[in-house]
Amino acid sequence: MTRRTLRLAAVLGSFGMLGGAFFAQAVASPLKGASTGKPHHVLVLSVDGMHQSDLEWYVSSHPSSALAHLVETGTQYTQASTTVPSDSFPGMIAQFTGGDPGLTGVYYDDTWNARLLPAGTTDCKGVKPGAEVDFTEDLDRNKSSIDAGEGLPGLPGSVLQMTGSPQKLIDPSKLPVDPKTCKPVYPHSYLLANTVFEVAQNAGLRTAWSDKHAAYEILDGPTGTGIDDLFTPEINSDANGYPAGSDWTTDNKATEQYDNDKVQAVLNEIDGFNHQHTDRVGTPSIFGMDFQAVSTAQKLPSSDGLKGGYVSTNVPGPLLVKNLDFVSDEIGRMVSELHKRHMEKTTTIILSAKHGQSPTDPKALTRIDDGPLLAGLNAAWKRLHPSAGNLVVHSVDDDGMLLWLSDRSPAATDFAKSYLLAQSGKGTDIDKAPKAFTHSGLATVYAGAAAAKYFGVKPGDARVPDVFGISQYGVVYTGGTGKIAEHGGAQPDDLNVPLVLSGAFTPNHVVDTAPVETKQIAPTILTLLGLDPSSLVAVDKEHTEDLPIR
């Protein structure tokens, strides 16, 4: 047991039977307990990058930890899957809408739309449609600053004083433009489905959330007002106090510092304040945050003198173990604060992840530079069509491949598929040695109408990628050697994330091995709050069910 785990065990042990009583109040039929009339809260925690295998390994190795306590006194779903593509944006959106990317219209945080106009367009007459939809840190008024350009003095120490309305931190000139109105399209108005925050707010309940970019105001939902208090410190900003050019993800210690600020925001909210701890507003009915430290520990080859990733299949290395300890301890702080505020009988904790990370077998890693592959595809197309421009107008390649094409005809999409599957070359392995690859590192390619069918939309849909490639296991598309894992694809390592319900109204010591999806979190939240899950458009259209609770 690590020194960190011993400390946490002592903290949990300090309230002894009271700590156990926090979860002992769970009842056999938890969702009926939400109608007791007592104020109820749902605390949602996303440990980005975490796999179900990580949770199982950690709980087995650290039985006195807060994570183990959460699992053992709740309901654990061991076959939970996140969205395809397994990107942060669609993964988080699914948890709060109940819908898959085909319905919500959000496939990634950086995509293409065939009907919108390019960012910066002010005179829309005669402008050719087709625009990048970039909902990353690029939208910030100042993406180099952790406050996204709000202009707070004393950063990063003052970051908790950031606004709870991050729409103010988005530069509208960087947004795609609606050709009908000739106005910028904000992330929230791009979303095609409403969110649990909007439903809760309509019922007079308070909402809050903490995430990594201002663009996460997409979770406000189409109304643009669903979250009362949205805290979004910019994770890809310059990390103050660390080497120049480093953001909060390039040094794992920095990522922990970043996560800790969001944990403090949640603690402030548990105490009944806004995230800044300046106004007493009452604990939100829905609130929570995402953790980033586990994800960086999986991606970085090394940091802070510790080796990143996995030492063998599903066995975390020292940096990842350190970060699982960190997350467990931080969750322990939240549990302790809930108990301190006598909220243990009215709060349900939902633990999951936006996405996993691939590969968990370090020997399987094959890093491939996708730049030459796409350049070759464009060149081959131009040889056959001398007057044509680039075939690929936008691409997102992490450990899957999403391409949007200038020509969406069957001839063009089939050409792209055939070209990619014919390419071979050499990438690098975990030790940076050359490693051969075939078929552009792809196992399966869906193109044109097949891609639309895969995502459940009609051919010609303005948002759907024209080519969706599922990579071979272990493939990561990167031009360097600075990453040893990624997400965004459809490998089991990308998809099989933890899912645990614990606390009020949940039964103890339950392990459910039936397949479930993280989008089922959305209707479950509303049922726990005594609200109607069918109020969610995606739940109604996709018939998304509550998580089964025995």
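This is a predicted model: local features need pLDDT of at least 70, side-chain atom pairs count only at pLDDT 80 or more; totals for chains, interfaces and linings use all residues.
Leaving aside residues up to four places away in sequence, Leu-499 touches Gln-52, Thr-75, Gln-76, Tyr-77, Ala-80, Ile-350, Leu-351, Ser-352, Val-516, Ile-521 and Leu-547.

## Helix α5

Helix α5 is largely enclosed by the rest of the structure, because ten of its ten residues are buried. Among them are Ser-88, Pro-90, Gly-91, Gln-95 and Phe-96.

The N-terminal end of α5 is capped by Asp-87, which places a side-chain oxygen 3.2 Å from the backbone nitrogen of Phe-89. Just after the helix, Gly-98 adopts a positive phi of about 85°.

## Aromatic pairs

The count of aromatic pairs comes to twelve. One of them joins Phe-89 and Phe-135 in a tilted arrangement, 6.3 Å centre to centre with 45° between the planes. Phe-89 belongs to helix α5 and Phe-135 to the loop between β5 and β6 (177-178), so the pair ties together parts 46 residues apart in sequence. Phe-89 counts as buried at 1% relative accessibility, and Phe-135 is likewise buried, with a relative accessible area of 2%.

Tyr-107 and Phe-455 form an edge-to-face pair, 5.0 Å centre to centre with 80° between the planes. This pair links distant parts of the chain, 348 residues apart: Tyr-107 lies in the loop between α6 (101-104) and β4 (110-113), and Phe-455 in the loop between α14 (449-454) and β22 (467-471). Both Tyr-107 and Phe-455 are buried. Ring pairs also connect Tyr-107, Tyr-446, Tyr-454, Phe-455 and Phe-468 into a cluster.

## The chain as a whole

The protein chain contains 17 helices and 26 strands. Its radius of gyration is 23 Å, close to the 24 Å that the globule rule gives for 550 residues, so the chain is as compact as a globular protein of that length. The C-alpha trace spans about 75 × 55 × 50 Å along its principal axes.

Buried residues account for 61% of the 550 residues. Of the contacts between residues at least 6 apart in sequence, 71% join residues at least 24 apart. The chain exposes about 19800 Å², of which carbon and sulfur atoms supply 52%.

Technical notes. Residues are numbered from 1 along each chain as its sequence is written. Side-chain values use heavy atoms; hydrogens and water are left out. Contact means heavy atoms within 4.5 Å. Buried means under 20% relative accessible area, exposed over 50%, partly exposed in between (1.4 Å probe, protein chains only). Helices (H or I, at least four residues) and strands (E, at least two) are DSSP runs, numbered from the N terminus. A polar contact is a pair of N or O atoms within 3.5 Å; within protein, one must be able to donate a hydrogen and the other to accept it, and residues adjacent in sequence count only if both atoms are side-chain atoms. The radius of gyration is taken over C-alpha atoms; the globule rule is 2.2 Å times the number of residues to the power 0.38. Accessible areas come from the Shrake-Rupley method with a 1.4 Å probe; for residues, only the protein chains shown count as cover. Rings of Phe, Tyr and Trp (its six-membered ring) pair if their centres lie within 6.5 Å; planes under 30 degrees apart count as stacked, over 60 as edge-to-face and the rest as tilted.
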